[in-house]
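Please look over the sequence and the model shown below before reading on.

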Amino acid sequence: MLNYFTQHLLSFAIWLPVFAGIIVLAVANDNKPDATRWLALLASAVSFLATIPLYTQFNFAEGGFQFQEGFRWIPAFNINYHLGVDGLAVPLILLTSFTTLIVIISAWEVIQKRVAQYMACFLIMSGLMIGVFSALDAILYYVFWEAMLIPMFLVIGIWGGPNRVYATVKFFLYTLLGSLLMLVAFIYLYLKTGSFEVVDYYKFAMPLDVQVLIFLAFFAAFAVKIPMWPVHTWLPDAHVEAPTGGSVVLAAIALKLGGYSFLRFAMPIAPDAAHHLSGYMIALSLIAIVYIAFVALVQKDMKKLIAYSSISHMGFVTLGFFIFNNLGLEGAIVQMVSHGFISAAMFLCVGVLYDRVHSRQIESYGGVANTMPAFAAFAVFFAMANTGLPGTSGFVGEFMVILGAIQTNFWYAFLASLTLIFGAAYTLWMVKRVFYGAVANEKVVVLKDLNKREFLILAVLAVMVLALGVYPQPLTDMTNATANQLLSTLAQSKLPVSLGL
Amino acid sequence: MQQIYLAIPLLPLLAAIVVGLFGKQLPRASAHVLTVLAVGVSFALSLYVLNEAMIAVPYNETIYSWLKSGNFSFEIGFLIDRLSAMMMVVVTFVSLMVHIYTIGYMKEDAGYARFFSYISLFTFAMLMLVMSNNFMQLFFGWEAVGLVSYLLIGFWYTRPTAIYANLKAFLVNRVGDFGFLLGIGLVLFHFGSLDYASVFLVAPQMADVQITLIGNTPWSLMTVTCILLFIGAMGKSAQVPLHVWLPDSMEGPTPISALIHAATMVTAGIFMVARMSPLFELSSTALSFVMIIGSITALFMGFLGVIQNDIKRVVAYSTLSQLGYMTVALGASAYSVAIFHLMTHAFFKALLFLGAGSVIMGMHHDQDIRNMGNLKKYMPVTWITSLIGSLALIGTPFLSGFYSKDSIIEAAQASTITGSSFAYFAVLVGVFVTAFYSFRMYFLVFHGAEKWRAVKHDDHDHYHGLAPTDDPHEPNWVIKLPLVLLAIPSVLIGYIAIEPMLYGDFFKGVIAVDSAAHPAMHELTHHWHTVFHSALGMALHSLMTLPFVLAASGVTLAWFFYMKRPDIPAKMQTKFSVINQILENKYGFDNFNERVFAAGSRFIGHKLWQIGDVTIIDGGMVNGTANLISKLSSVVRKLQTGLIYHYAFAMIIGVFFMLSFYTLKL
């Protein structure tokens with residue numbers, strides 16, 4: 001049994017939470033919500049533990065795919081159930097299972113309506129997202145990619161805010177358009193290579209114009225997900241309407257699906273196009289960092305502000321990708337993981353306030369530090385992490401990407417570094433208006449400080465943010481070999497060698 | 001030794017964590033017992049380390065590897081040479097004094113444990129900054145002290161002014177850090193490492209490297225790098241135009257004004273430039289830039305001290321001006337002089353701030369010097385120590401400030417780079433101004449009529465000051481002890497340290513000076529050996545020099561204006577109301593920043609959001625798509641009514657069709 005487990009680590013990581021979610025749905029009894037909660041907690045804890053061997057048994061020197069497993073799925077079309085992960089996917093898988101655990105705990109008393117469905121949605125979504133991170137077959141990947149949207153739609157659509165239908169439809173339309181183009185690209189590649197294997201696509205040579213089209217098709221799917229400017233406007237709306245748990249998963253993991261997929265598909269499949277279009281990609285990234293920071297500054301809704309902050313921070317991820325050096329690439333990966341912790345924590349902080357006052361508006365608060373000192377300490381800490389303070393994880397990725405960018409062009413780094421000022425401005429201005437000052441109104445007067453459950457999850461996230469900030473090397477040890485391999489792949493032109501006359 | 005080096009910063013960190021996390025559960029006294037103990041041990045160990053550093057070779061080792069990526073590795077490590085050892089002693093000593101002082105000053109504050117936790121955390125961060133052997137860790141310490149400064153300026157977080165000031169301080173510092181980070185980026189790019197030793201080793205070969213930034217105009221790499229690094233120093237060490245945060249930082253409790261905003265954190269920029277002397281020496285342009293910024297700060301910030309009525313703000317402007325002096329010394333390549341002034345200033349300025357704090361306590365938290373007077377009668381220890389501090393500040397011969405400040409004036413005079421003549425003028429005029437505002441404050445506070453007895457109390461505002469019938473009292477020994485212990489080095493340290501630090505080989509191998517290009521320090525040494533011979537000789541010699549006359553006339557004028565004829569300054573204020581207005585507005589920096597940068601950013605943000613996101617992207621593209629689809633499906637002719645196609649939408653549709661076309665064709 002143990003042997004079977006170790007040989008199918010990825011399958012367990014995917015299907016354990018999915019089946020656990022189905023079981024939660026099946027056995028749930030709405031009269032006993034506590035039993036459902038404990039069951040979901042147990043399921044998410046076991047699912048998290050099941051992903052730990054991916055780290056402990058990881059071969060750090062190997063840049064290629066590990067823990068591979070698979071069987072023929074639809075032989076008629078050469079579609080395989082093929083899984084495998086590298087130093088890029090494993091950190092994101094661990095982040096996924098960890099975040100799911102956090103979300104289950106955070107929903108404990110907050111969700112009173114349809115507890116089982118809520119918990120099940122997150123468990124199933126967790127498995128599907130791990131599937132996205134570990135699929136090496138294009139169709140398998142595509143199935144996971146689309147399937148994970150369903151629980152997300154449900155989470156926003158059922159437990160969401162008043163304007164949830166608009167947000168869900170907008171989210172749906174955006175993602176659908178992009179995903180369809182990606183499917184077209186996969187079908188084209190299949191027709192040319194006869195395979196849905198990602199590694200086969202890596203080897204397939206294409207002329208530049210074809211590469212550009214393939215790249216743009218992928219771009220349409222991934223840029224929406226990350227999201228990159230100008231296809232980002234679904235995110236603030238989705239966050240505002242989503243329940244806290246939905247926002248946490250959306251920010252911490254769903255956005256990373258786009259970033260991950262750039263590195264897994266778009267760039268290595270069409271490396272020449274990636275180089276060819278890198279100027280545009282960098283421009284979009286820098287616009288995201290600077291433009292969005294300005295927009296974040298004037299937001300009145302805390303969740304919108306953090307959503308815009310997320311877009312700005314994800315700009316560092318795409319900037320890191322398209323400067324084609326180690327610092328940029330690994331910095332982008334570190335930034336994705338770090339943003340997972342920090343954005344999750346920030347949304348949970350808003351959730352703590354929302355649960356008590358039922359407002360996300362900054363102006364509804366003021367002087368919260370007077371009545372919730374422990375919470376204020378956490379909030380200031382995570383705000384500082386969000387501004388990229390050294391010693392927190394928020395610094396590491398931004399630092400690496402800026403140092404990488406300056407090697408490509410001084411002005412890329414110049415514009416990206418503006419986040420030091422604007423990131424601090426929008427985050428700390430919000431902190432000032434919400435937490436500092438005299439107690440603003442009677443709702444703030446009666447606020448109760450964190451309960452044990454809230455304290456626990458924020459403390460765990462704070463420890464992660466600090467640990468990754470003080471000692472990021474364990475993470476970069478995982479990514480080093482993969483980044484090297486990816487960069488050498490990207491450096492090799494795939495243009496067909498012209499035979500000449 | 002490594003355990004000792006580790007213990008020095010980690011003990012305060014540990015104390016900060018314990019007190020910060022469990023301050024509410026532990027007895028109140030444990031907050032100061034633990035932190036004072038930790039910082040005390042750190043201080044003792046720092047003394048030991050300084051003693052070792054006098055004889056041993058510098059220690060330069062990695063503690064752990066922070067991150068590796070590609071060919072680059074980033075490490076946490078310590079460089080312990082005489083410069084860092086001296087800084088460690090100064091930091092831990094002033095910190096210890098401030099810790100002890102805080103026991104009295106914050107006695108009744110609800111945030112007692114929190115305050116101790118913060119100042120211990122600060123001590124840790126500052127030590128990491130000065131002990132670092134690489135740029136990355138320097139940046140860590142740099143931002144970490146900024147964080148604690150933010151937390152401490154906003155310590156009384158219910159006050160609107162305090163939380164305005166701390167946000168402002170953090171943002172202005174971030175502007176500096178923005179430049180600093182780019183400088184670090186250039187260093188890593190061109191030197192391939194962030195380790196001081198490796199960077200300094202290659203530096204001479206990089207002197208002539210040119211880079212292009214705009215168009216094809218070549219720029220000297222060293223000039224660009226050094227100016228960017230110095231922008232970081234301008235933020236932290238509050239040089240014009242990034243000085244605006246420091247006066248407002250006085251909203252924080254007085255002990256931290258002494259520790260952070262006078263003695264240690266604000267001198268981090270000075271320390272950094274001195275540490276980077278092998279780089280700055282390669283660019284006379286950067287040094288000129290440094291010198292001009294420094295002299296503007298030294299002169300113009302001093303003027304502002306003249307019109308302040310808040311006791312802490314007078315000292316704050318004096319700090320700005322003195323930081324300008326240090327920067328001038330850096331520009332003159334007299335790095336050791338800058339560090340020397342940093343050290344003497346740390347003692348006498350911490351003393352002045354703590355003295356001001358004692359006065360504030362005596363006055364029941366009234367900070368307006370116009371309401372004080374004759375405190376010498378009631379607060380003798382505060383009076384004598386503040387007098388010592390003021391005398392040291394204005395450069396009275398034999399006192400510590402004299403030796404360091406006169407050396408800066410000499411260095412400015414001897415410097416030959418662009419801007420040095422202006423710098424010399426600025427620091428000379430600065431002497432007079434410093435003497436004038438220092439003794440204006442001194443006379444108003446400690447001499448003259450007991451003005452609080454005549455202050456009208458308004459029941460409607462929450463007036464904290466002393467009642468007309470009350471007498472001020474000197475606080476207890478935890479306040480007086482640090483004053484006395486800081487007064488001792490304020491008097492003696494200059495006399496003792498000038499010869500080894502400036503003209504001995506104390507900084508040999510630590511600070512690099514290219515004497516051929518920047519001869520100031522060489523001149524000073526020559527002067528010392530041919531004219532002064534000793535500290536005593538320098539002091540005696542100074543009695544006939546211009547700086548001494550200027551200082552003496554500044555004091556005399558202050559005495560005349562504020563003791564003899566208080567009607568004159570009042571009349572001048574109305575007569576020269578334009579100048580007064582300019583000074584009251586602090587040259588308009590705050591207004592400008594508030595109206596242009598703050599309001600401008602909000603304006604741009606609003607426009608980008610409303611026009612970019614809401615109107616164009618959402619209105620045109622997203623909802624436009626929805627509209628398009630619905631309209632297409634109903635009536636085709638509506639296509640001609642001119643829907644707004646956004647380019648991104650057009651692109652997606654276009655690509656979709658092109659791809660489909662490809663797929664079908666092939």
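Where is the place of P227(A)? P227(A) sits in the loop between α10 and α11 of chain A, where helices (H or I, at least four residues) and strands (E, at least two) are DSSP runs, numbered from the N terminus.

## About the model

This is a predicted model, in which local features need pLDDT of at least 70 and side-chain atom pairs count only at pLDDT 80 or more, while totals for chains, interfaces and linings use all residues. Residues are numbered from 1 along each chain as its sequence is written, and chains are lettered from A and ligands numbered from 1 in the order in which they are written.

Most residues other than glycine have a negative phi, and most peptide bonds are trans. The bond that joins I226(A) and P227(A), however, is a cis peptide bond with omega of about -15 degrees. In chain B, the peptide bond from V240(B) to P241(B) is also cis, with omega near 5 degrees, and P241(B) is placed in the loop between α8 (221-236) and α9 (245-248) of that chain.

F398(B) belongs to the loop between α16 (380-394) and α17 (400-414) of chain B, and it counts as partly exposed with 18 C-beta neighbours inside 10 Å. Here a residue is buried if 20 or more other C-beta atoms lie within 10 Å of its own, exposed if 12 or fewer, and partly exposed in between, with C-beta atoms placed from the backbone. K586(B), found in the loop between α24 (577-584) and α25 (589-634) of chain B, is partly exposed as well, with 19 other C-beta atoms within 10 Å.

## Helix pairs in chain A

The axes of helix α18 (residues 373-386) and helix α20 (residues 410-435) of chain A come within 9 Å and cross at roughly 170 degrees; axes are lines fitted to C-alpha atoms, for helices over the stretch in contact, and angles run from 0 to 180 degrees between N-to-C directions. α18(A) and α20(A) are therefore roughly antiparallel to each other, a term for angles over 145 degrees, whereas those under 35 count as roughly parallel, 65 to 115 as roughly perpendicular and the rest as oblique. The crossing of α18(A) past α20(A) is right-handed, meaning that the near helix is turned clockwise from the far one by less than a right angle, and a left-handed crossing is the anticlockwise case. Among the residues that meet here are A376(A) and A383(A) from α18(A), and G423(A) and F435(A) from α20(A), contact being counted if C-beta atoms, placed from the backbone, lie within 7 Å. The residues of this contact divide into seven nonpolar, three polar and no charged, where Ala, Val, Leu, Ile, Met, Phe, Trp, Tyr, Cys and Pro count as nonpolar, Asp, Glu, Lys and Arg as charged, and the others, Gly among them, as polar.

Helix α4 (residues 89-106) and helix α22 (residues 452-470) of chain A have axes that come within 10 Å and cross at roughly 160 degrees, and they are therefore roughly antiparallel to each other. Their crossing is left-handed, and in it I102(A), I105(A) and S106(A) of α4(A) meet R453(A), I457(A) and L461(A) of α22(A).

## Buried helices

The buried residues of α7(A) include P151(A), F153(A) and W159(A), and among the elements that cover its buried residues are α5 (115-134) and α11 (234-241) of chain A. In chain B, helix α3 (residues 82-105) has 24 residues and reaches 34 Å from its first C-alpha to its last, close to the 34 Å expected, which is 1.5 Å times one less than its number of residues. Of the 24 residues of α3(B), 24 are buried, so this helix is largely enclosed by the rest of the structure.

## Where the chains touch

The contact between the chains takes 58 residues from chain A and 54 residues from chain B. On the side of chain A that touches chain B, α20(A) gives the most, with twelve residues, and the residues of that side divide into 43 nonpolar, twelve polar and three charged.

Terms used: Two residues are in contact if their C-beta atoms, placed from the backbone, lie within 7 Å.
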